[in-house]
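Subject: A structure for you

Hi,

Here is the structure I promised to pass on. Have a look first, and then read on for my notes on its charged pairs and nonpolar packing.

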Amino acid sequence: MKYFISAGEPSGDLHASRLVKALKEVDRDARFAYLGGDLMAAEAGVQPVIHYRDMAFMGFSEVIRHLPQVLSNLKRAKQAITEQKPDALILVDYPSFNLKLARHAHELGIKVYYYISPKVWAWKEHRVKDIKRYVDRMFCIFPFEVDFYKRRHDYDVTYVGNPSVEEVDEKLRRLPSREEFLKRHNLPDKPIIAIVPGSRKSEIKNNLMIMEQAAAPHDDYQTVIAGAPGIDLQYYGYYITPGTPIITGATFELMHHAKAALVTSGTATLECALLNTPQVVCYRSNGIKLSYQIMEKILKVPFVSLPNLIANRRIVPEMLVHRCTPKLVGRELSNILPGRPGFDNQREGYRLMREILGDSEAATATASAIYTALLPR
């Protein structure tokens, strides 16, 4: 069968590449066209219709600035789907773009599947109307999404497992030892507090200085910052104490070898939890209480960090907006260091979270379900 897959950013490229591999295992005649990146290219054996680096525009202002290219990409993608007539269109997150493709494919009579639901449970819940209208089956990677879709929208979705579980376990088997890690990055033999301030300049600007100041009183630890790909190291210098080490391309290893971490909200919070490293989740925007109250109204969920959402309980402290200050973050950090009550409490919470996620291989389960659904009846 022929599959057209749309993944518009680096994380989507990773998850979709695993799905391509799984589809080849269940369907020996599988052929692919896709929007994605190099990982998908390696698995599919063909080049993308559009590379995700020409698609990954985040936020309203960035989309507006690149609107002609966005519209051109959408036109090219629709044309490719029309010309190639795939048996199925498989969408990976990236909802603003992908739901438009879903409608186009649906109108052509092509089956539409969604792997990794948009975060409609947090914001833009109105997108569920288009999902119900144009998507034949949704495959989710968080267990709570099943209840959300059914209870609020009477829409049945399938939980297939979380890909981060197997990805983390695979990476752990290949990780260098602590001694190798310290040597490679020229770090002293001293326990680490990891700071993971995000991958965007705005996140770094708003959070990094606060995070470093919160960790500073713990002089029996070394603070090490995870640098993001594509961010010049000089940019970090505006917000940290001179000489604070920054390492790039090794966030996963850094969180693993750290005794505790300060992490901006996002997928890194789930990875940190799967690595069993206690953490404080930090997210400051303009830092005023009004922003926090507005955010509480907009968000449809009681938490923002993935470990808490998955477990439906407070596993990790969430220091958001006006609560994200050096003093308050520092107090929470002190409570999760080894020997303090929060250290063991978080690890017990992580155990519960992992139990809830289960050990199903998400890509394998999704590929099998899609292929089975497409077989002639």
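Let me begin with D136, which is partly exposed at a relative accessible area of 40% (buried means under 20% relative accessible area, exposed over 50%, and partly exposed in between, with a 1.4 Å probe and protein chains only). Before going further, some ground rules: this is a predicted model, in which local features need pLDDT of at least 70 and side-chain atom pairs count only at pLDDT 80 or more, while totals for chains, interfaces and linings use all residues. Residues are numbered from 1 along each chain as its sequence is written, and side-chain values use heavy atoms, leaving out hydrogens and water.

**Salt bridges**

D136 forms a salt bridge with K111, and their closest N and O atoms are 3.8 Å apart (the term stands for a side-chain nitrogen of Lys or Arg within 4 Å of a carboxyl oxygen of Asp or Glu). D136 sits in the loop between helix 6 (127–134) and strand 6 (137–140), and K111 in strand 5 (residues 111–115), so the pair ties together parts that are 25 residues apart in sequence. Helices (H or I, at least four residues) and strands (E, at least two) are DSSP runs, numbered from the N terminus. K111 is partly exposed too, at 40% relative accessibility.

By this rule, the count comes to 16 salt bridges. One of them joins the side chains of R18 and E167, at 3.5 Å from N to O. Because R18 belongs to helix 1 (residues 10–26) and E167 to helix 8 (residues 163–174), this pair ties together parts that are 149 residues apart in sequence. R18 is partly exposed, with a relative accessible area of 21%, whereas E167 counts as buried at 6%.

D156 and K150 form a further salt bridge, with 3.3 Å between the closest N and O atoms. Here D156 is exposed at 56%, and K150 is partly exposed at 40%. Salt bridges with shared partners also join R18, E166, E167 and E170 into one network.

**Nonpolar cores**

Which residues touch the most other members of the largest nonpolar core? They are Y3, I5, L89, L101, Y115 and Y149, out of 99 residues. A nonpolar core here is a set of buried Ala, Val, Leu, Ile, Met, Phe, Trp, Tyr and Cys residues joined through side-chain atoms within 4.5 Å. Helix 18 (residues 362–374) gives the most to this core, with six residues. Apart from it lies another core of 26 residues, including I193, Y235, Y236 and L262.

Happy browsing!
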